[in-house]
Amino acid sequence: MEPALIGYLVFGCLSTLLLLLCFHRFLRASMRERKTGGVSNTAREANLPRAVELTTTVLPAFFRGGAPPANTASVSAKLEGAAAAARLLRARVQGGLLFAAASFLIWGLPPIVFGAASLPWPGSSPLVPCKDAIVVAASAALCALRPDEGRAISAGYICAVALSVVMAVAHVALLGWYDGESMALGGSADERWSDSLALTIAASYVAAAVALPLLWRRSPPHERLRRLISPVRAVFAVDGVLNVTYWAMRTAGKAGDGSCSPGRCAVGLLTGVLYLCCATVVLHRRVRGAALAALSRLGATREERNAAVVASLCSMGQLSRAELLPLAEANFRAIRFDRLKREDLASALGSEGGGGLAARTQPCSLGACDAFLSHSWHDPEAPKWAALCSWARRFEAEEGRPPTLWLDRACIDQSRIADSLPCLPVFVAGGKTLLVLGGAA
């Protein structure tokens, strides 16, 4: 075995092992944080009934873990637990994808460097499998990006530009490989066809390297992610179409002198198909979302996944927990049951409108509200009101006073609904119980 190939295999294996060890340590650190600050793994979750007839169901609020929150500090602790669970889940999913991307990158870059520097390399086709590894690495890294991670997306732009330059250099270094001759512009039919293919693909990567900085601008992270992935998908599609077309013509004897071996043509066709799959399937928005959802279900409990959702809801407004809790506490309100009317649960606002209903609410501290009321505005108000009255009568018989409720239409400023959405998980935690009016909707 040639020394260059031995060195390449040793370097790749050691680098991959080092990456695997780093990923393992990262996971263990996340798990330790999860055990010390996360939601209890033994806490049970109750499933909402799928009843057609209206019922009232009292569930423990998600953050409480079986005990009602007494103050802001306990709610903060539960939020920290949800964030720890989210970080562990993210470490599993995104860390695994980034580990795969880095591994493929490590195996793909050295042959490109050897080919671009015209250094001796074993075998007659070192660059084709390496650039395939680069494509898989880029696809895995892009799939790991989340639409709410502004800094990671900005770093993705820089990496995508660098990758485009590397791939352009690699395809220039491929000049002459397709016909098996020297790395130089040739004059035979095979050389002209292959050199045209390599230069065209290299030009597409140069165009991507120029377009990506022009597309980057300050905008919401999900919009920047879309503008990052779109040119990458486009250049992969161009590369795939050119490779499939060229190698199909070589196989049919309509390009060059028809001397292409079946094995080389098969490798070229598979290369083109790989690029097309990455462009049209792997990097498609829905496929990326489904893949991330499937990966998040591997080795994660339902509670951990729910906690990750709660943590993501808390970050919708791009606020830290230190900023979110005071905001939620200042805006947390409740309404006494004896101040509610049947028409307040109707799908259409009554004569008072939302402002009149809000005027009947009162400020409330977190943990002091008796129930967070959940229902569907599409259900008729009569059965919802009857079920709520039944529950309220039982509560008043036990406590000697009417219950206080959190109702979205009453307790959220209807003119600034979007500003209150990040606070919603904290509002749920602020209720002693979660009261669900489960109807057909």
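At 5% relative accessibility, Cys411 counts as buried, where buried means under 20% relative accessible area, exposed over 50%, and partly exposed in between, with a 1.4 Å probe and protein chains only. The structure is a predicted model, in which local features need pLDDT of at least 70 and side-chain atom pairs count only at pLDDT 80 or more, while totals for chains, interfaces and linings use all residues. Residues are numbered from 1 along each chain as its sequence is written, and side-chain values use heavy atoms, with hydrogens and water left out.

**Overall architecture**
- The protein chain has 15 helices and 6 strands, taken as DSSP runs (H or I of at least four residues for helices, E of at least two for strands) and numbered from the N terminus.
- Of the 441 residues in the protein chain, 43% are buried.
- Among contacts in the protein chain with a separation of 6 or more, 81% are between residues 24 or more positions apart, a contact being heavy atoms within 4.5 Å.
- The protein chain has an accessible surface of about 21,900 Å², with 63% of it belonging to carbon and sulfur atoms; such areas come from the Shrake-Rupley method with a 1.4 Å probe, and for residues only the protein chains shown count as cover.

**Cysteines**
- The count of disulfides comes to 0, when a disulfide is taken as a pair of cysteine sulfur atoms within 2.5 Å.
- Cys364 is buried, with a relative accessible area of 13%, and its sulfur is too far for a bond because the closest cysteine sulfur, in Cys369, is 5.2 Å away.
- Cys411 is likewise in no disulfide, and the nearest cysteine sulfur, that of Cys369, lies 7.1 Å away.

**Nonpolar cores**
- The largest nonpolar core holds 38 residues, of which Leu340, Leu388, Trp391, Leu405, Trp406 and Leu407 touch the most other members; such a core is a set of buried Ala, Val, Leu, Ile, Met, Phe, Trp, Tyr and Cys residues joined through side-chain atoms within 4.5 Å.
- Elements that each supply at least two residues of this core include β2 (333-336), β4 (369-375), β5 (404-406) and β6 (431-438), while α12 gives the most, with 7 residues.
- Another core, of 33 residues, lies apart from it and has Leu97, Ile112, Ala160 and Tyr205 among its members.

**Salt bridges**
- The whole structure contains 7 salt bridges, each being a side-chain nitrogen of Lys or Arg within 4 Å of a carboxyl oxygen of Asp or Glu.
- Arg336 pairs with Asp338, their closest N and O atoms being 2.4 Å apart, and both residues count as partly exposed, Arg336 at 30% and Asp338 at 44% relative accessibility.
- Salt bridges that share partners join Glu223, Arg226 and Arg227 into one network.
- Glu223 is partly exposed at 22% relative accessible area, whereas Arg227 is buried at 9%.
- Arg146 forms a salt bridge with Glu149, with 3.8 Å between the closest N and O atoms; Arg146 is partly exposed at 25%, but Glu149 is buried at 14%.

**Surface patch**
- Ile6, Val10 and Leu14 form a nonpolar patch on the surface, together contributing about 260 Å² of accessible area.
- Patches are made of residues with over 30% relative accessible area and no salt bridge, like charges being joined within 9 Å and nonpolar side chains (Val, Leu, Ile, Met, Phe, Trp, Tyr) within 5 Å.
- Ile6 lies in helix α1 (residues 3-37) and is partly exposed, at 40% relative accessibility.
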